[in-house]
Protein chains: 2
Amino acid sequence: MLNFQQKVIFMKKYFDVLRKCPLFIGIADEHIFKMLNCLGAKSESFDKKYTIIGEGNPAKFIGILLSGSAQIEQMDYYGNRTIVGRVEPSQLFSEAFACAQVDAVPVSVIANEPCDVFLIDCSHILHTCQNNCSFHQQMIFNLMKNLAVKIIVFHQKIEITSKRTTREKLMSYLMFCAKEVGSNSFDIPYDRQELADFLEVDRSGLSAEISKLRKEGVLTSTKKHFELL
Amino acid sequence: MLNFQQKVIFMKKYFDVLRKCPLFIGIADEHIFKMLNCLGAKSESFDKKYTIIGEGNPAKFIGILLSGSAQIEQMDYYGNRTIVGRVEPSQLFSEAFACAQVDAVPVSVIANEPCDVFLIDCSHILHTCQNNCSFHQQMIFNLMKNLAVKIIVFHQKIEITSKRTTREKLMSYLMFCAKEVGSNSFDIPYDRQELADFLEVDRSGLSAEISKLRKEGVLTSTKKHFELL
DNA sequence: ATAAATATGTTGAATTTTCAACAAAAGGTG
DNA sequence: CACCTTTTGTTGAAAATTCAACATATTTAT
């Protein structure tokens, strides 16, 4: 009951976020509420650094991030972290694992800041709902497109991390950021350790490389802000 | 007309391959022929080393590999090749780019051996066909699941290539292969250069590492056959 | 405001990779 | 079978990464 109340609060508070969610593209505003009920969305909140979805657990839920930001992380048995990607409000997470119905999610989804989320039981997405909700087909189509876009993002990550040197990885990444925002001046979402874990390099070596690039006049940077010269 | 004849020949010759294609799961045999026509599938053949889909071109087609094998390759501006993955008969390729409707495919699909393929114009998949083919929804669903599985595969690749040393990358990959076939004795699909390009390491260093592992008694191998001890 | 905790930058040594060049083995072809 | 081509293995030198340890900012909490 309490959860139901929170769900209603979230739906109102984050309506603008929800209508931008890839899951609801092409679906009229007035139907989004109905669908979230139909899908049995559960509302949850997570504090900074908390695990939203834990590595190794079965993939039960598709997540919609409503506020805050989260990171997709992979850990190997040596404890080395790889940051696979980042989740911003409106975006889905864990949808691939839910759709592929994997026994064990190979990543963790970690809250970077306090996060509000909706979690949708994937069985409600993969099987038509009892009410035979007419928007289900549109949603499957949306999910399909969303997954296709995520694969493009993976290709971009491979293009960056397949480079052999820290400098090349960093420059590939920064040039990609610049291209994306359409400016040589931009902020990156990662701190140094996170950037290192995203680029799959050593943090201290990354710091050294950034200093070197500064001295060479290739870029200026303060913390998370970069400018390519 | 000639192409239509070849299409019919392919449909008959490769029917067992087609019915295993992720696109046609849950669709009765007798409907697959009809659908391929409905989708306007084009049949094509490629010789070894030929480019089936070229990097930089717009994503127009979803491919179904009927025979042979193909590789997904990425090239950077230095000419360094990264092998993203491999395509075996029955599998789809380029479907993510087609579904995401990208302007420029970021990879090339290269025939490893002589290949027969079907190419389906993605507009026929993304928009309901004129005949309002009743299997279209099932196909979208299948495509969605297929894309989800491919994302899992990307996570596996990242788990392997995010390792920092050639040895760790190699061992991760080999252990993954062993797990997949359920035996410590298995063949890999790559030759040395291809394996190096898949693991994103130097070929000669990879050869040296394999030799070292042999001497240490960790594995035996001849060409593409490996056995973990 | 101060202390504590976290993040970033710096450095040198050890390890590892890459690169280039070549040798040896395997495969294909006339 | 001999020749040519391709693949694989080997090596040493140069370059780059990682690792550990520490210095310096910066942020957070009390």
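Me: Buried area is the accessible area (1.4 Å probe) that two parts lose on being put together, summed over both. How much do domain 1 of chain A and domain 2 of chain A bury between them?

Reply: This is a predicted model, in which local features need pLDDT of at least 70, side-chain atom pairs count only at pLDDT 80 or more, totals for chains, interfaces and linings use all residues, and side-chain values use heavy atoms, leaving out hydrogens and water. Residues are numbered from 1 along each chain as its sequence is written, while chains are lettered from A and ligands numbered from 1 in the order in which they are written. Chain A is divided into domain 1 (4-159) and domain 2 (163-228), with bounds from an automatic or database domain assignment. Carbon and sulfur atoms carry 47% of the area buried between these domains, and the total is about 870 Å².

Me: Which three residues supply more than any other three of the area that domain 1 of chain A buries against domain 2 of chain A?

Reply: The C-alpha centres of the two domains of chain A lie 29 Å apart. Their contact (heavy atoms within 4.5 Å) takes nine residues from domain 2 of chain A and 11 residues from domain 1 of chain A. On the domain 1 side, 48% of the buried area comes from A:R81, A:I83 and A:R86.

Me: How many aromatic pairs are there over all chains?

Reply: Rings of Phe, Tyr and Trp (its six-membered ring) pair if their centres lie within 6.5 Å; planes under 30 degrees apart count as stacked, over 60 as edge-to-face and the rest as tilted. Over all chains, the number of pairs is 11.

Me: What is the geometry of the pair formed by B:Y173 and B:F198?

Reply: The ring centres of B:Y173 and B:F198 are 5.3 Å apart and their planes meet at 55°, so the pair is tilted. B:Y173 belongs to helix α7 (residues 166-181) of chain B and B:F198 to helix α8 (residues 192-199) of chain B, 25 residues apart; helices are DSSP runs (H or I, at least four residues), as are strands (E, at least two), numbered from the N terminus. Both B:Y173 and B:F198 are buried, that is, under 20% relative accessible area, where exposed is over 50% and partly exposed in between (1.4 Å probe, protein chains only). The geometry is therefore tilted.

Me: Which residue in β8(B) is the bridge partner of B:S67?

Reply: Strand β3 (residues 61-67) of chain B has six of its seven residues buried. Strands pair if DSSP finds at least two bridges between them, and β3(B) pairs with strand β8 (residues 115-121) of chain B in the antiparallel sense over six bridges. Within β8(B), B:S67 is partnered by B:D116.
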